[in-house]
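This report describes a protein model, starting with a charged pair and moving on to the strands, the cores and the surface.

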Amino acid sequence: MGQQQLLLLVLATLIIGLATIAGIDAFDQGQRRSAVNQMTQTALHIAVDVQEYAKRPDLFRRENSTAGDNEDGELVVGFSELQHYDTVDDGSGGDDYTDQVATYSLNGHNSLPNDYNESACPDNNPINTAEAYSREHDVSVCVSITGTSADDLKAGVAP
């Protein structure tokens, strides 16, 4: 009878251990999925703000605006034109917006870490993109802005 009880105790310990490991893994996956969703949502919000700025008449754009047309005639908007984004100078000629999950960059000025996966961008276009990278979760998000309507936004995620 003692060996049977010992065997049941060992089996119960194994089952509890495996359930604990599975629970921790499920929590980690849920946390990563939540971070990707938040990064995508923030990048889309930035992209919509860029679209809103592009729709403004010239009279309502900021006087000290860094926005300008590139060689293709596209309007290029930076964080300095958008409200609600406190940026930090990254030393690479552009400013980045950082929240508790990721670092966000506009227009691909290559200030994101080398680990950023460029295949996240659907059109692989560095102009008018909102890009994000999370070092903690090792995931890249990109929203490409091709116009001023909701249908002109394309989001991509790369692990």
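## Salt bridge

R56 and E52 form a salt bridge, with 3.2 Å between the closest N and O atoms. The term covers a side-chain nitrogen of Lys or Arg within 4 Å of a carboxyl oxygen of Asp or Glu. The structure holds 1 salt bridge. E52 is partly exposed at a relative accessible area of 39%; buried means under 20%, exposed over 50%, and partly exposed in between, with a 1.4 Å probe and protein chains only. Side chains of opposite charge can pair when their charged atoms come close.

The model is predicted: local features need pLDDT of at least 70, side-chain atom pairs count only at pLDDT 80 or more, and totals for chains, interfaces and linings use all residues. Residues are numbered from 1 along each chain as its sequence is written, and side-chain values use heavy atoms, with hydrogens and water left out.

## Overall make-up

The protein has 1 helix and 8 strands, in the order α-β-β-β-β-β-β-β-β from the N terminus. These elements are DSSP runs numbered from the N terminus: helices are H or I with at least four residues, strands E with at least two. Of the 159 residues, 35% count as buried.

Among contacts with a separation of 6 or more, 46% join residues 24 or more positions apart; a contact means heavy atoms within 4.5 Å. The accessible surface comes to about 9,900 Å², and carbon and sulfur atoms account for 52% of that. Accessible areas come from the Shrake-Rupley method with a 1.4 Å probe, and for residues only the protein chains shown count as cover.

β7 runs antiparallel to β6 (residues 129-134), with 6 bridges joining the two; strands pair if DSSP finds at least two bridges between them. In this pairing T129 stands opposite S144. β7 also pairs with β8 (residues 153-158) in the antiparallel sense over 6 bridges, and there V141 has V157 as its bridge partner.

The hairpin of β6 and β7 has 4 residues between the strands. D138 lies in this loop and has a positive phi of about 50° although it is not a glycine. Its relative accessible area of 41% makes D138 partly exposed.

## Nonpolar cores

The largest nonpolar core has 24 residues, and M39, I46, F79, L82, Y104 and L106 have the most contacts inside it. Such a core is a set of buried Ala, Val, Leu, Ile, Met, Phe, Trp, Tyr and Cys residues joined through side-chain atoms within 4.5 Å. At least two residues come from each of α1, β5 (103-106), β6 and β7. The largest share, 8 residues, is that of α1. A second, separate core has 7 residues, including L112, Y116, A120 and C121.

## Surface patch

L6, L7, L9, V10, L11 and L14 form a nonpolar surface patch with about 580 Å² of accessible area together. Patches are made of residues with over 30% relative accessible area and no salt bridge; like charges are joined within 9 Å, and nonpolar side chains (Val, Leu, Ile, Met, Phe, Trp, Tyr) within 5 Å. L11 is found in helix α1 (residues 2-55) and counts as partly exposed at 41% relative accessibility.
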